[in-house]
Amino acid sequence: MIPWLDEAHRPAFPPTSRATRRPNGLLAAGGALTPDWLLAAYRRGIFPWFSDGEPILWWSPDPRMVVFPDQVRITRSLRKTLRNSAYEVRLDHDFAAVIKACAEPREPGGGTWITPAIQAAYLRMHELGYAHCVETWIDGELAGGLYGIAIGRAFYGESMFSRRTDTSKIAFAHLTRFLLQHDFRVLDCQMTTQHLSSLGGREIPREAFVRMLGELTREDRPPARWPQDGAQAPWT
């Protein structure tokens, strides 16, 4: 059985090496979604993922899919879109709208893991300067975007959405450029998907990822909202 974490105690997680193989990465249940629990989890390569009505479940899959910002893959067609399309990219402009859009079911009658409790927790993390979003706007409307957590020089991607073609890819491309410009060293993708692989994601052993975080999550700069002009330079 996986261990139960007591939310009344200080955050304490089992070693990630104890996570299950099937399902891949299930480590523990319980705890809380407060900032201290979330920060303790992310620094150890652990993240919450559960459905409404379930206890909080904590995961750390092996292998781990990551993107190194200097190795992102921008296809010729996406580069053309980045150069020519009439869009605007905003950083941390409307986090609540982004996480709400990410929580919308991808198919009629479908569910979501971005429960009201998750939304409230990450909104709080945004207020504290840890959670960030990148937004793609077209004709004055939010057309796509993504959100995640930044600690030190590591960014943990959580979810993305598109309401028009390629709008999440536009946000992703601008995110990776921003991360590169601000000396972030890794973008955690959590789960392996073909979509993320096409953008430059690759799998690394969990042990290597956790070891990397020990160096990258040292907070040598205070958490803060990202600047509004951080993604405004034209794509070249």
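Helix H2 (residues 76–84) packs against helix H5 at an angle of about 85°, with the two axes 10 Å apart. That angle makes H2 roughly perpendicular to H5; the label covers 65 to 115 degrees, while under 35 is roughly parallel, over 145 roughly antiparallel and the rest oblique. This is a predicted model, where local features need pLDDT of at least 70, side-chain atom pairs count only at pLDDT 80 or more, and totals for chains, interfaces and linings use all residues. Residues are numbered from 1 along each chain as its sequence is written, and side-chain values use heavy atoms, with hydrogens and water left out.

- Two packed helices are described by the angle between their axes and the distance between the axes.
- Axes are lines fitted to C-alpha atoms, for helices over the stretch in contact, and angles run from 0 to 180 degrees between N-to-C directions.
- Helices (H or I, at least four residues) and strands (E, at least two) are DSSP runs, numbered from the N terminus.
- H2 contributes Leu78, Thr81 and Leu82 to the contact. H5 contributes Lys169, Ile170, Ala173 and His174.
- Contact means heavy atoms within 4.5 Å.
- By class, the H2 contact with H5 has four nonpolar, two polar and one charged residues. Ala, Val, Leu, Ile, Met, Phe, Trp, Tyr, Cys and Pro count as nonpolar, Asp, Glu, Lys and Arg as charged, and the others, Gly among them, as polar.

**The seven-stranded sheet**

- Seven strands make an open sheet with mixed pairing, in the order E6-E7-E8-E9-E10-E5-E11. Two strands pair if DSSP finds at least two bridges between them.
- Strand E6 (88–91) and strand E11 (202–204) are the edge strands, and each pairs on one side only.
- From one strand to the next, the twist averages 35°.
- Strands E7 (residues 131–138) and E8 (residues 141–151) run antiparallel and are joined by eight bridges. Glu135 stands opposite Gly145 in E8.
- Helix H3 (residues 95–103) lies across E7, E8 and strand E9 (154–162). H3 runs at about 100° to E8.
- Helix H7 (residues 206–216) lies across strand E5 (64–67), E8, E9, strand E10 (186–190) and E11. H7 runs at about 110° to E9.

**The four-stranded sheet**

- Four strands form an open sheet in the order E1-E2-E4-E3, again with mixed pairing.
- Strand E1 (4–5) and strand E3 (47–48) stand at the edges with a single partner strand each, so one side of each has no neighbour in the sheet.
- Strands E2 (residues 26–30) and E4 (residues 57–59) run antiparallel, with three bridges between them. Ala28 has Trp58 in E4 as its bridge partner.

**Salt bridges**

- Side chains of opposite charge can pair when their charged atoms come close.
- The count is nine salt bridges, where a salt bridge is a side-chain nitrogen of Lys or Arg within 4 Å of a carboxyl oxygen of Asp or Glu.
- Glu104 and Arg163 form one, at 3.3 Å from N to O. Glu104 is in the loop between H3 and helix H4 (116–127), and Arg163 is in the loop between E9 and helix H5 (167–181), so the pair ties together parts 59 residues apart in sequence.
- Glu104 is partly exposed at 38% relative accessibility, and Arg163 is partly exposed at 45%. Buried means under 20% relative accessible area, exposed over 50%, and partly exposed in between (1.4 Å probe, protein chains only).
- Asp183 and Arg153 form a salt bridge at 3.1 Å, N to O. Asp183 sits in the loop between H5 and E10, and Arg153 in the loop between E8 and E9, 30 residues apart.
- Asp183 also forms a salt bridge with Arg185, at 2.8 Å from N to O.
- Asp183 is partly exposed at 31%, and Arg185 is partly exposed at 44%.

- Asn24 is in the loop between E1 and E2, and is partly exposed at 33% relative accessibility.
- Asn24 and Ser60 are 36 residues apart in sequence and 7.9 Å apart in space, C-alpha to C-alpha.
- Not counting residues up to four places away in sequence, Asn24 touches Trp59, Pro61 and Asp62.
- Arg177 lies in helix H5 and is buried, with a relative accessible area of 17%.
- Leaving aside neighbours within four places in sequence, Arg177 is in contact with Ala231, Ala233, Pro234 and Trp235.
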